[in-house]
Amino acid sequence: MSKNVALNKWVEEVASLTTPDKIYWCDGSMEERERLIDETVKNGSGVRLNPQLRPGSVLFRSDPSDVARVEDRTFICTSLQEEAGPTNNWMHPEEMKAILNDLFKGSMKGRTMYVIPFCMGPVDSPMSMFAVQLTDSPYVVINMGIMTRMGDVALQKIEEGADFIKCLHGLGYPLEEGQQDVPWPCAPMEKKYISHFPETREIISFGSGYGGNALLGKKCLALRIGSSIAREEGWLAEHMLILKLTNPEGEVFYICGAFPSATGKTNLAMIQPTLPGWKAETVGDDIAWMHFGEDGRLYAINPEAGFFGVASGTSSDSNPNAMASVSHNTVFTNVALTDEGDVWWEDIDGPVPDHLIDWQGNDWNKGDASKPAHPNGRFTVAASQCPSIADNWEDPRGVPIDAILVGGRRPSTVPLVNESFDWNHGIFLGSVLGSEVTAAVISDKIGQVRRDPFAMLPFSGYNIGDYLLHWLEMAKESTEDKLPKIYSVNWFRKDSENDFLWPGFGDNSRVLEWITRRLKGEVEAVETPIGLLPKEEDLRLEGLDLKEGAMKALLEVDPEAWKAELASIKEHYKMYDRLPEELAQQLKALEERLNSA
Ligand code: O2Y
Ligand code: MN
């Protein structure tokens with residue numbers, strides 16, 4: 001029980017519907033987390049890792065049917081379908097609530113219902129939001145304790161009267177008297193519902209225990225409900241990393257970046273610059289909430305307290321800061337287990353072991369065709385454990401944003417870096433952000449460009465056209481000189497031999513360096529029909545071993561390729577039922593510039 005009457009009433013209502021055996025209020029302490037981990041180990045769902053190798057860490061293996069976010073089962077429930085827009089699954093709130101009411105009836109039988117008070121953002125920040133998640137998953141409690149400010153710190157504020165968002169989550173796997181539990185309870189796909197109610201600011205998720213479907217503070221609250229609230233209140237809830245960059249002179253720049261999945265977002269958030277004297281620090285790796293300050297600048301907080309990162313591909317080469325972060329006190333999901341009791345995944349440091357237990361708990365021997373770790377296997381770790389975390393990452397005022405990057409995986413056409421002419425042109429660049437579909441996704445569209453405006457297509461809680469209009473209208477709150485400058489970046493340009501032209505990783509600091517000099521007005525750019533590009537001599541390339549002609553290709557604007565790009569953008573814009581007029585104008589202006597070039 002809490003001192004908040006409305007909260008107690010809701011907890012009682014849900015308990016009488018779902019009939020759990022017990023109700024437990026989470027305090028957010030380390031003792032509580034350790035106790036819960038011990039319980040999961042005892043019931044066979046968690047595996048403690050070797051404390052000598054990975055102290056305080058645990059491995060979970062999910063059901064093979066429950067391994068990632070399920071976009072097909074994700075719904076925005078608004079009174080009118082056009083409010084959800086053409087890119088979201090929609091259902092009327094009453095219809096969805098009726099379905100969910102039936103599904104939740106008795107669904108926590110034989111289980112404990114956990115009450116998780118939590119805060120997205122530093123507890124003392126005016127930009128933060130409070131919420132309470134009810135769940136019957138101890139795995140969710142353990143992860144929420146890392147990903148959010150959870151427990152007494154949040155409950156205290158809610159008891160003092162802070163508004164809270166209701167987040168209801170159920171695994172959909174009740175236990176009858178004497179029934180044996182399974183390691184990863186969940187419901188079949190057709191009974192999974194990840195549903196959002198922007199009009200009443202509620203989230204109800206049923207049937208999945210995994211990641212974005214179940215840790216409701218992340219994609220559901222911080223992005224889908226968050227973006228809807230942000231529109232109403234005049235701020236931005238974005239799928240962006242936040243990076244703090246300090247040049248050798250000690251000047252500090254803050255950069256946000258929108259990148260669709262599989263484009264190196266976490267690596268950039270934790271970049272180690274190769275340029276001497278430059279320092280990069282992490283403020284956030286996935287989500288940014290940005291509000292205008294009284295000075296007309298945009299200030300960002302990271303609403304999360306941890307990272308839920310993809311394990312596969314992470315190594316001391318690709319991301320040394322992530323590797324150091326997960327050295328202890330980490331929850332791993334769906335990675336492989338070594339005979340020594342440590343974790344293993346594709347491309348992790350060191351040789352491939354002869355024997356592993358794979359992510360499904362089966363023996364795996366070197367040479368077997370299957371992959372021992374799931375490609376969407378994850379680590380959950382506190383941001384405070386990251387060696388590159390900025391000392392001011394929890395500043396309640398946020399950090400002032402100087403530049404916004406939008407970047408995808410584009411083997412051709414899109415140059416290494418391109419500065420927008422102004423704010424509206426920058427929104428245009430964000431609206432056409434695209435990434436090549438890679439073999440990582442099962443699709444018949446491999447090699448084609450998938451457009452993902454500001455990497456928010458799966459996360460906008462309202463009509464995607466209105467979302468872009470909101471970006472355009474935000475400019476009215478400030479003046480062009482105070483707004484962040486917007487840049488398109490592309491680390492993935494390839495040549496005719498299918499080789500990458502740019503080394504990426506720490507060398508991306510060379511592009512960031514040029515951006516900071518542009519911000520200071522120290523360097524001129526080349527005006528092209530698509531935007532403002534660097535002169536080759538203005539990029540710091542010393543020490544790089546690039547292929548002959550690489551820079552020319554990385555900075556070229558090929559008129560033929562851009563005509564094809566225009567056609568592809570036109571096709572993409574057809575899907576909008578509410579395309580802002582300004583973006584139609586931007587497209588027309590691009591076409592005219594290309595025609596007269
Ligand atoms: O598969 C999931 O549920 C995780 S999704 C995710 C996790 C961390 C950061 N970003 C994402 C994403 O889908 O963008
Ligand atoms: Mn993300």
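In the predicted model, a polar side-chain atom of His239 is placed 3.1 Å from an oxygen atom of ligand 1, a polar contact being a pair of N or O atoms within 3.5 Å, where within protein one must be able to donate a hydrogen and the other to accept it, and residues adjacent in sequence count only if both atoms are side-chain atoms. An N or O atom in the side chain of Arg69 is 2.9 Å from an oxygen atom of ligand 1, and a polar side-chain atom of Asp286 lies 3.3 Å from a nitrogen atom of the ligand. Of the 360 Å² of accessible area that ligand 1 has on its own, the protein covers 89%; such areas come from the Shrake-Rupley method with a 1.4 Å probe, and for residues only the protein chains shown count as cover. Helix H7 (211–214) and helix H8 (217–233) are the elements that give two or more residues to the shell around ligand 1, helices (H or I, at least four residues) and strands (E, at least two) being DSSP runs numbered from the N terminus.

Ligand 1 is surrounded by 13 residues, the closest being Arg69, Gly212, Lys219, Asn376 and Arg378; a residue is near a molecule or strand if one of its heavy atoms lies within 4 Å of it. The shell comprises four nonpolar, four polar and five charged residues. In this classification, Ala, Val, Leu, Ile, Met, Phe, Trp, Tyr, Cys and Pro count as nonpolar, Asp, Glu, Lys and Arg as charged, and the others, Gly among them, as polar.

Residues are numbered from 1 along each chain as its sequence is written, while chains are lettered from A and ligands numbered from 1 in the order in which they are written. In this predicted model, local features need pLDDT of at least 70, side-chain atom pairs count only at pLDDT 80 or more, and totals for chains, interfaces and linings use all residues, with side-chain values based on heavy atoms and hydrogens and water left out.

Lys219 in helix H8 and Asp286 in the loop between strand E15 (279–284) and strand E16 (288–292) are 67 residues apart, a pair that links distant parts of the chain. Lys219 is buried at 7% relative accessibility, and Asp286 is buried at 9%; buried means under 20% relative accessible area, exposed over 50%, and partly exposed in between (1.4 Å probe, protein chains only).

Glu202, in strand E11 (residues 202–206), is buried with a relative accessible area of 16%. Its side chain forms a polar contact of 2.8 Å with that of Lys97. Asn508 occupies the loop between strand E30 (485–489) and helix H13 (509–519) and is buried at 4%. The side chains of Asn508 and Trp502 make a polar contact of 2.8 Å.

Asp349 is located in the loop between strand E21 (343–344) and strand E22 (355–357) and is partly exposed, at 39% relative accessibility. A polar contact of 2.4 Å joins its side chain to that of Ser316.
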